[in-house]
Amino acid sequence: MNARLRAVICLMLMGLLLAHPAEGTVSVTDALGREVAFEAAPERAVALLGSYGEVWIEAGGTLVGTTEDAVDSPGALAQGGVANLGSHSEPNLELLFSLEPDFVILSADTAAHPAIGETLEAAGIPCGYFSMLDWRGYMDLLRTFTSLTGRKDLYSEKVDSVQRPIEEMIAAAQASEGYGERTALLLRAYASSVRAKDSESTVAGYILDDMGLVNIADSDSSMLENLTMEAILAADPDYIFVVTMGADVEAAERALEQTLLSNPAWSTLTAVREGRYVVLDRDLFHYRPNGRWAEAYAFMLELLYAR
């Protein structure tokens, strides 16, 4: 065999190896279109957003560290031995490295995470950016994670308990009288202020949109910047929903009372007079409810369309 022929064969073999990763390797494509490859399924994952850590656990994965937002949300730190890395935007990187993770889960929607990702990549730690804004994003993320853990059965379970029930409830809402015709105001009450929220920045906003309510802040961005009683009175929404924020719920409730509820004009609003002012469960309508998404939709379907 001459040298030229041997060179051609070598190049062909190299091409085959590149096209077909070594047996046993696994890979996923993250929300930024990056391929993240592993020689074996990750066993020491870190999630720099608590709700993403919960999905990793639901996918059958093992979590060794996550951020403090998981403390108040319903799950990730409940798994024994999970280290608290602090803020999701400024995690304790020294602690993170000491955990020797083989996979770090980042958020494609968190401004601070690209810089963290660069640090991880420089250290040779596999990391991926993911996005989960609504139940559809949840199902996509669960499918991605179960492809890594090898537990596609867990994804199938959630198709039956989350995806199909929600699709059925959305279809039932769409077939109901009043779908797409009634308006809503969505509020977040903090310890020091109350703000209106649109349909694309909160869990509750996506659910209200799916269930056929027209969020008045979507067409009036000034309400997001400066919420006034005058603007609320002018819109006179059919429904008003509020979610309290922060660890001090009583402080948020006081701010709500002082800002809006104590105003004599509040009681003249149609939603208030007709009993359609609703304080939402933040485990379902603020934190990403993950495996409980269908519960949130069932609550809203009953509220809006029960006959």
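This is a predicted model: local features need pLDDT of at least 70, side-chain atom pairs count only at pLDDT 80 or more; totals for chains, interfaces and linings use all residues.

**Aromatic pairs.** I then picked out Trp56 and Phe103. They form an edge-to-face pair, with 5.5 Å centre to centre and 65° between the planes. Trp56 lies in helix α2 (residues 50-58) and Phe103 in strand β6 (residues 103-107), so this pair ties together parts that are 47 residues apart in sequence.

Phe103 has another partner, Phe130. I read 6.3 Å centre to centre and 90° between the planes, again edge-to-face. That pair links distant parts of the chain: Phe103 sits in β6 and Phe130 in strand β7 (residues 127-130), 27 residues apart. Phe130 has a relative accessible area of 4%, and the cut-off for buried is under 20%. Phe130 is therefore buried.

Which residues make up the cluster around these rings? I list Phe38, Trp56, Phe103, Phe130 and Phe145 as one aromatic cluster.

**Charges over rings.** I looked up two arginines next. The charged end of Arg195 sits over the ring of Tyr190, 4.8 Å from the ring centre. Arg276 lies over the face of Tyr239, and here the distance to the ring centre is 5.3 Å.

**The open sheet.** I traced the strand order. Five strands form an open sheet in the order β5-β4-β3-β6-β7, and the pairing is parallel. β5 (83-84) and β7 stand at the edges with a single partner strand each, so one side of each has no neighbour in the sheet. Strand β4 (residues 63-66) pairs with β5 in the parallel sense over two bridges. Thr66 stands opposite Asn84 of β5.

Which helices pack on this sheet? I noted α2, which touches β3 (45-47), β4, β6 and β7. The direction of α2 makes about 135° with that of β6. I also noted helix α5 (residues 113-122), which packs on the sheet and touches β6 and β7. The direction of α5 makes about 160° with that of β7.

Strand β1 (residues 26-29) and strand β2 (residues 35-38) pair in the antiparallel sense, over four bridges. Val26 stands opposite Phe38 in β2. Phe38 is also one of the residues of the aromatic cluster. β1 and β2 form a hairpin with five residues between them. In its turn, Gly33 has a positive phi of about 80°.

**Helix α8.** Why do I call this helix largely enclosed? Seven of the eight residues of α8 (residues 203-210) are buried, so the rest of the structure largely encloses the helix. I list the buried ones as Val203, Ala204, Gly205, Tyr206, Ile207, Leu208 and Asp210. Gly212 follows α8 and has a positive phi, near 90°.

**Positive phi outside glycine.** I checked two residues. Glu100 is not a glycine, yet its phi is positive, about 50°. Glu100 lies in the loop between α4 (93-98) and β6. At 61% relative accessibility, Glu100 counts as exposed. Asn290 is a residue other than glycine with a positive phi, near 50°. Asn290 lies in the loop between α14 (282-285) and α15. Is Asn290 buried or exposed? At 0% relative accessibility, Asn290 counts as buried.

**Chain end.** I looked at Ala306, in the segment after α15 (293-305). Ala306 has 45% relative accessibility and counts as partly exposed. The C-alpha atoms of Ala306 and Ala173 are separated by 10.0 Å, while the two residues are 133 residues apart along the chain.

**Totals.** Buried residues make up 46% of the 307 residues. Of the contacts with a separation of 6 or more, 60% are between residues 24 or more positions apart. The chain exposes about 15,200 Å², and carbon and sulfur atoms supply 51% of that area.

Terms used: Residues are numbered from 1 along each chain as its sequence is written. Side-chain values use heavy atoms; hydrogens and water are left out. Buried means under 20% relative accessible area, exposed over 50%, partly exposed in between (1.4 Å probe, protein chains only). Rings of Phe, Tyr and Trp (its six-membered ring) pair if their centres lie within 6.5 Å; planes under 30 degrees apart count as stacked, over 60 as edge-to-face and the rest as tilted. A charge sits over a ring if NZ of Lys or CZ of Arg is within 6 Å of the ring centre and within 35 degrees of the ring normal. Two strands pair if DSSP finds at least two bridges between them. Contact means heavy atoms within 4.5 Å. Accessible areas come from the Shrake-Rupley method with a 1.4 Å probe; for residues, only the protein chains shown count as cover. Axes are lines fitted to C-alpha atoms, for helices over the stretch in contact, and angles run from 0 to 180 degrees between N-to-C directions.
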